[in-house]
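This report is written for someone meeting the structure for the first time.

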Amino acid sequence: MVQADSLSAWKALQDHHNNVGKSFVLKKEFEKDPSRFEKFSFTFDNTADGSEILFDFSKNFLTAQTLGLLVDVAKEAKIEDLRDAMFRGDKINFTEDRAVLHTALRNVTNEVVKVDGNDVMPGVNKELKHMEEFSEAIRSGEWKGYTGKPLTTIINIGIGGSDLCVPFSGSRIKADDRLGAQSWSPKHLSTTAIASRLSTSCLTLMARTWLKHSAIPIQRPPSS
C-alpha cells in the first residue's frame, strides 16, 4: 500500500498548508463568510431508516481549495477502490489477511455480506442479539455481581482505539434512567478504588481484534 505522503497530491496539499494553513484563523473565516456553514456542510439521506445525516466540515481548518486538494489525495490513493473492496468483503486488512467487517456490524438492512463466498450476516446477527440480551440484563438489574447486588460500575480495559469505548458507553449509560451507573477506565481509578467497587462492577475487555500483538498476552493463562 502506497504511503499517502509519497503521493504528488499530498505534496500539493502540504504546499497549501505551508502557504495558507499556518495563518488560518477559524473565527475570522466565519466573520468573513457568514454562509460558511452552508458551503461546508452536506446532508445525506439515510436509506436504512429514512433519516438524514449531517456532515459539517465548516469548523475544520479548510477552504474550498483545501477540500479539493483533500479529494485529490483520496483519488490518487484509490480510496474509492478500497471502499468498494471493503463492502465486497475483500481482505483489505493485509496485516492479518482478513476482511474489514465494520459494514456488517452496521448492516441494519441485513443485506448479504460475503467473505470467502459465505454470508457472514447470520453469525453477525447472532452475536449482536447476544450482546443485546447481555446488556439488557445488566441495565434491568437481572444480571448481578457475585454478592447478589446489581452492577452499577463498568470498568473498561480498552486496547488501542478501543479505549474510546469508555466515553461512548458512558454517554449511553447516562441516557438510561434505569441505571445509576458509572463507566470508568483503570487509568482513572486507583487499585483501592477498583477494589472497593468490585462487588458491583462489570469488567469489560475491548480490542478491535484479538490477533493484535498487544491483546495476545492478555489471553494467555498465567504460567505456573
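## The chain as a whole

The protein chain has ten helices and seven strands, and the model described here is a predicted one. Of the 224 residues in the protein chain, 27% count as buried. The protein chain exposes about 15,900 Å², and carbon and sulfur atoms supply 58% of that area. Among the contacts between residues at least 6 apart in sequence, 52% join residues that are at least 24 apart.

## A pair of helices

Two packed helices are described by the angle between their axes and the distance between the axes. Helix H1, made of residues 8-19, and helix H4, made of residues 64-76, have axes that come within 8 Å and cross at roughly 160°. Angles over 145 degrees count as roughly antiparallel, and H1 and H4 are therefore roughly antiparallel to each other. The crossing in which H1 passes H4 is left-handed.

Which residues bring H1 and H4 together? On the side of H1 they are Ser8, Ala9, Trp10, Ala12, Leu13 and His16, and these meet Gln65, Thr66, Leu69, Leu70, Asp72, Val73 and Glu76 in H4. Sorted by class, the contact of H1 with H4 has seven nonpolar, four polar and two charged residues.

## Buried residues and their neighbours

Glu29 has its place in helix H2, which covers residues 26-32. Is Glu29 buried or exposed? With a relative accessibility of 17%, Glu29 counts as buried, because the cut-off for buried is under 20% relative accessible area. Leaving aside residues up to four places away in sequence, Glu29 touches Phe24 and Arg36.

Ser58 is placed in the loop between strand S2, residues 51-56, and H4. At 0% relative accessibility, Ser58 counts as buried. Beyond the residues up to four places away in sequence, Ser58 touches Leu26, Phe30, Arg36, Phe37 and Phe40.

Thr200 is found in the loop between helix H9, residues 191-197, and strand S7, residues 201-206. Thr200 is buried, with a relative accessible area of 16%. Where residues up to four places away in sequence are not counted, Thr200 touches Lys149, Pro150, Leu151, Thr152 and Thr153. One of these, Lys149, is 51 residues from Thr200 along the chain, while the C-alpha atoms of the two are separated by 6.2 Å.

## Partly exposed residues

Ser140 lies in helix H7, which covers residues 121-140, and at 42% relative accessibility Ser140 counts as partly exposed. Leu151, which is one of the residues touched by Thr200, is eleven residues from Ser140 in sequence and 9.7 Å from Ser140 in space, C-alpha to C-alpha.

Asp119 has its place in strand S4, and at 33% relative accessibility Asp119 counts as partly exposed. Not counting residues up to four places away in sequence, Asp119 touches Val112, Val113 and Lys114. Asp119 and Gly89 are 30 residues apart along the chain, and their C-alpha atoms are separated by 9.8 Å.

The C-alpha separations named in this report are gathered in the table below.

| Pair of residues | Separation along the chain | C-alpha distance |
|---|---|---|
| Ser140 and Leu151 | eleven residues | 9.7 Å |
| Asp119 and Gly89 | 30 residues | 9.8 Å |
| Thr200 and Lys149 | 51 residues | 6.2 Å |

## Two residues with a positive phi

Most residues other than glycine have a negative phi. Lys78 has a positive phi of about 60° although it is not a glycine. Where is Lys78 found? Lys78 sits in the loop between H4 and helix H5, the latter covering residues 79-88. At 51% relative accessibility, Lys78 counts as exposed, because the cut-off for exposed is over 50%.

Asp116 likewise is not a glycine and has a positive phi, of about 55°. The place of Asp116 is in the loop between strand S3, residues 114-115, and strand S4, residues 118-119. With a relative accessibility of 60%, Asp116 counts as exposed.

Technical notes. Residues numbered from 1 in each chain as written. Predicted model: local features only at pLDDT ≥ 70, side-chain atom pairs only at ≥ 80, totals over all residues. Heavy atoms only, no water. Helix = DSSP H or I, 4+ residues; strand = E, 2+ residues; numbered from the N terminus. Buried < 20%, exposed > 50% of the residue type's maximum accessible area, 1.4 Å probe, protein only. Contact = heavy atoms within 4.5 Å. Areas by Shrake-Rupley, 256 points an atom, 1.4 Å probe, with all protein chains shown as cover. Axes fitted to C-alpha atoms, helices over the stretch in contact; angles between N-to-C directions. Parallel < 35°, antiparallel > 145°, perpendicular 65-115°, else oblique. Left-handed = near helix turned anticlockwise from the far one by under 90°. Nonpolar A, V, L, I, M, F, W, Y, C, P; charged D, E, K, R; others polar.
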